[in-house]
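Notebook open, structure loaded. I want to look up the cavities first, then the sheets.

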Amino acid sequence: MPRMLPDWLPGPYLLIGTGLALGAVLAVVAVRTSQVESRQTETEPVDPAVAADAPRRLAEALKIRTITQRDPAKLDSAAFRDFYRHVAQAFPTVHTALDTTHVNGLSRLYTWRGSDPSLAPIVLMAHVDVVPIEDASAWTHPPFGGRIADGYVWGRGALDDKASALGILEAIEALLNRGVTPRRTVHVALGHDEEVGGARGGRALSERITAGNASPALVVDEGGAIARGALPGLTDPLAVVGVAGKGFLSVALTADGPGGHSSVPPSRTSIEELNEALTRLRANPLPSRLTGVAGTMFDYLAPEVTLPMRTMLANRWLTTPILRAVLNRRPATRAAIRTTTVPTRLDAGVKDNVIPTEARAVVNFRILPSQSVGEVVAHVRRVLDGLSVQVEPIRSTSPPSVSAIDTPAFRMMQRTIGQVTADSVVVAPYLLPGRTDSGYYADDSDAVYRFVPYQLGPDDRSRIHGANERIAVDDYRTVVQFYTQLIRNADRLPATRTSGAEPGG
């Protein structure tokens with residue numbers, strides 16, 4: 001009598017088919033992994049000279065309290081004028097040779113005329129305003145002391161963003177003193193209100209530069225930096241160049257409820273209704289996406305990592321669920337693949353024993369380029385359906401356009417970074433989790449890049465807008481070298497022509 005197999009065991013043809021399918025999948029994985037090719041640009045190091053006292057000039061600039069204010073009437077205008085007096089004294093050749101334009105009083109546009117005015121210009125951006133200090137006692141050195149100690153320049157603005165402003169001017173001062181004249185016009189746009197949206201500074205500067213439909217060949221602003229240990233399997237330092245920023249949306253949520261004395265509470269208060277709304281939004285974020293800029297970043301990283309991680313990055317058609325789970329574990333990587341949701345303000349109640357009739361919160365969203373402000377508002381209303389909560393968008397900025405990557409301009413950025421960094425560095429595009437004034441150029445140029453070559457360690461992110469902001473002296477020298485080499489290399493870009501007249505001086 002033949003031996004009978006249990007009904008739940010697969011038949012031989014199913015086993016053979018499963019084995020063949022698995023073998024085919026493994027073959028595809030192996031082929032795709034073996035076919036990844038490096039997208040890095042071959043470079044040879046250069047060493048543009050940097051003045052020995054450059055860090056001291058930065059330190060002096062950090063002493064000046066150019067603190068931002070949302071209300072222009074509350075700005076300490078004298079501090080900003082002191083800052084510009086300092087740079088005029090520190091860089092006398094710049095202020096003699098370049099045209100200087102005052103924009104809305106406290107922003108500055110410096111224009112270095114190129115030898116060929118028909119070529120599209122480049123724009124080097126920075127902002128000179130800084131955020132307020134919450135607790136000066138938490139600082140190792142005074143936030144406006146401008147100290148150089150332990151190999152660092154300390155002070156508010158050292159990373160965000162006076163190192164860029166001073167670094168650009170240092171580079172141009174040195175090039176002028178060597179008798180250099182660029183072929184392309186170089187605009188230096190220093191904004192005074194980036195930290196509060198840049199409406200009177202960054203936006204006004206961009207409107208002046210792009211007047212007459214002028215399209216810059218390159219725009220470089222703050223944003224990305226250099227990190228070590230950023231990704232498992234990547235042993236080299238990683239320089240991330242922001243090719244896009246996120247949109248911005250703040251939504252006010254208002255819950256109403258019965259008031260009264262706290263000794264006789266109702267079954268549900270306005271605070272509890274608001275709390276449920278916030279809990280729902282945090283528990284139901286918009287979906288993460290590994291396409292777009294994130295996908296391109298993985299394409300750049302795949303050839304540079306060790307085999308296990310290379311296999312995962314090269315086969316995202318198969319590994320996306322695993323990658324998504326891994327990236328969602330860390331705040332920095334989670335922000336790179338999804339529209340983020342976070343409550344930032346709460347307001348309810350006036351007295352310990354009085355139940356408030358109204359509770360209000362503000363929730364902030366940073367929006368992926370593939371999504372819109374309208375989509376996010378619709379998502380909020382859908383998640384909060386059924387709750388007695390009013391939803392009111394109060395401030396928003398749409399995500400800027402994504403800049404081109406497979407272009408001479410991006411490869412020039414790669415080459416410049418490689419030339420001025422001491423170590424072998426991997427350069428990859430990435431999505432800036434916030435926004436900068438560079439967004440004002442996104443409709444006028446497809447080469448808007450956000451990067452400054454200082455190194456950010458694990459504890460350095462909290463220094464930006466936090467206590468003990470500082471930049472390594474060696475990193476600041478690299479910043480100056482970067483802008484020096486960038487101006488030189490920009491002259492080698494293809495001869496794109498400007499379609500509008502340059503702004504007057």
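I'm working on a predicted model, where local features need pLDDT of at least 70, side-chain atom pairs count only at pLDDT 80 or more, and totals for chains, interfaces and linings use all residues. Residues are numbered from 1 along each chain as its sequence is written, and side-chain values use heavy atoms, with hydrogens and water left out.

**Cavity.** I ran a 1 Å grid over the protein atoms alone; a cavity is a set of points where a 1.4 Å probe fits but cannot get out, and lining residues have an atom within 4 Å of a point. Points are joined across faces, edges and corners, and the volume is the space filled by probe spheres set on them. I got one cavity of 30 Å³ or more. The largest cavity holds about 40 Å³.

I listed its lining: Met125, Ala126, His127, Ala189, Gly191, Glu194, Gly202, Leu205, Asp221, Glu222 and Asp437. By class that is four nonpolar, three polar and four charged (Ala, Val, Leu, Ile, Met, Phe, Trp, Tyr, Cys and Pro are nonpolar; Asp, Glu, Lys and Arg charged; the others, Gly among them, polar).

Which elements supply at least two residues each of that lining? I found strands S3 (122–127), S6 (186–191) and S7 (218–227), plus helix H6 (202–209). S3 gives the most, three residues. Helices (H or I, at least four residues) and strands (E, at least two) are DSSP runs, numbered from the N terminus.

**S7.** I checked burial next: eight of the 10 residues in S7 are buried (under 20% relative accessible area, 1.4 Å probe, protein chains only). For pairing I need at least two DSSP bridges between two strands. S7 runs parallel to S3 over three bridges, with Leu124 partnered by Val220. Five bridges tie S7 to S16 (448–455), also parallel. On the antiparallel side, two bridges join S7 to S8 (238–244), with Ala227 partnered by Leu238.

**Open sheet.** I traced four strands in the order S11-S13-S9-S14, paired antiparallel. S11 (340–348) and S14 (389–397) sit at the edges with a single partner strand each, so one side of each has no neighbour in the sheet. I get an average twist of 20° from one strand to the next (axes are lines fitted to C-alpha atoms, for helices over the stretch in contact, with angles from 0 to 180 degrees between N-to-C directions). Eight bridges join S11 to S13 (358–367).

**Helices on it.** Helix H7 (270–283) touches S9 (247–256), S11, S13 and S14, at about 15° to S13; contact means heavy atoms within 4.5 Å. Helix H12 (373–383) lies across S9, S13 and S14, at about 165° to S14.

Methods:
On a 1 Å grid over the protein atoms alone, a cavity is a set of points where a 1.4 Å probe fits but cannot get out, and a pocket is an open set with protein on both sides within 12 Å along at least five of seven lines; lining residues have an atom within 4 Å of a point. Buried means under 20% relative accessible area, exposed over 50%, partly exposed in between (1.4 Å probe, protein chains only).
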